[in-house]
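Hi everyone, thanks for coming. Let me put the sequence and the model on the screen.

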Amino acid sequence: MENQKPRKSFGQWIKTSITIRMLMVGILILVLLIPLSYIKNLIQERSIRQEQTVVSDINQKWGNQVMLYGPILKIPYQTHNIKKIWDEKTKSYTEEDIITVRHAFFFPNLLDIKANVTSDTLKRGIYKSPVYTSDMKIKGSFTIPSFETQDIAQEDILWDKSTVILNSTNLKGIKSNLQLKLGTENYLLQSKYSKDSYTNTLETKFLKENSWPKDKTVDFNLDLIINGSNQLKFIPVGKETNVNITSDWASPKFDGNYLPDPKTKSITDKGFKASWKVLQVNREFEQEFFGELPHINSSAFGVKFIVPVDDYQKSERTAKYGYLVIALTFLVFFLIQTISKINIHPFQYLMIGLALTMFYTLLISISEHSSFLYAYLIAGTSVVLLISTYSKAILKSFKFMAMISTSLTALYAFIFVIIQLEDYALLVGSIGLFLILGTIMMVSRKIDWGNDGV
């Protein structure tokens, strides 16, 4: 009985219990998730402001996204509606021919577009947006239109009132006079009011007789220089549509209803090349329409000019690792406290956690006025120095301070590498976390987990 160890009081057990310490650390981690969530909301708010206000304003002044729909042959025709009218004087019916003029729209037999796109980045203050200037060579041919499906007589086709139209989502960005060469004649395309709020219509004057595809196929050529932003798309109105895009933008995203031919697609640090070939059988719409043009924007295809991971996306991805940084840092302090028997007060844990969350506010604020790399270095160095200095004061040891400093530096470097990667982020992250877990398991072997009783 004399050798029996005296039982600890409840107060002493609370101070020395490993279980209580673990619960306390866990509760503090949960509490610190609250400011982390506010920081994530701040990053999203700043990102949305960039997209909805500044970037939108830049794009409107330079030229919004471009989608081309055409060229299309527009031919008016007459329809007849025989109406019988009762005549009281003659006590008989008379017939009146009510003529209505409608329009037929015929898509090209061949549409070939070559676009050379020069990209740039416009900035306003701390915000930036990718923009481009596209120099297009558009050529093709119109074959002889057929009105047989509508049972329209030849004398009702108003060839002398026929025109060619081109629809675009962006008229402001056009930087060249649009001279359409149709056959041997040149026609100026001019803007015309359209009820369609998504596209704007450009139309020629009435075609001359030698430009009518009445008895033969007629070729056309059109040069177009246009400023745009974010994306460049085309609707495959040709019976055979060929599109070739060459650009110096290194981060394209091929988008829309059709993807480019893999054999022609090439992406390098100096830019990209891509070609599309779309046939009529690949589409869900016909070559001619009567009455009005259909809304076939869903068939558009092309390329988006994107920044793979901008500063806000990097900051948001970094903030997602916030709970991991806090948990691992607290775990290092917990292991040091448990192994060395040094007492660390919950308030001191809280101060360390708040210092870790300050890293993200420093990162987002500095990155708005500098590069993400410099912002990350400044924020990371500041937090590591602050916590290392604080740990020296509470742990009273240069060895433990060096351990804390090394752990935080390695952790921030690991996260920086992950957020720079795109294809291998998950793989590198998984391997890194596995190594961290293995290290913690090896260190924690020295702890006497059984010595936790009252």
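Predicted model: local features only at pLDDT ≥ 70, side-chain atom pairs only at ≥ 80, totals over all residues.

Residues are numbered from 1 along each chain as its sequence is written, and side-chain values use heavy atoms, with hydrogens and water left out.

Six of its six residues are buried, so β5 is largely enclosed by the rest of the structure. Buried means under 20% relative accessible area, exposed over 50%, and partly exposed in between, using a 1.4 Å probe and protein chains only. Thr163, Ile165 and Asn167 point one way from β5, while Val164, Leu166 and Ser168 point the other way. β5 runs antiparallel to β9, residues 200–203, with four bridges joining them. One of the residues involved is isoleucine 165, whose bridge partner in β9 is glutamate 203.

Now, helix α6, residues 372–395. Its 24 residues should span 34 Å at 1.5 Å a residue, and the end C-alpha atoms are 33 Å apart, which agrees. That expected span is 1.5 Å times one less than the number of residues. Buried residues in α6 include Phe372, Tyr376 and Leu395. Just after α6, lysine 396 takes a positive phi of about 60 degrees.

Aspartate 151, in the loop between β4 and β5, has a positive phi near 55 degrees. Glycine 70 and proline 71 are joined by a cis peptide bond, with omega about 0 degrees.

Technical notes. Helix = DSSP H or I, 4+ residues; strand = E, 2+ residues; numbered from the N terminus. Pairing = 2+ DSSP bridges.
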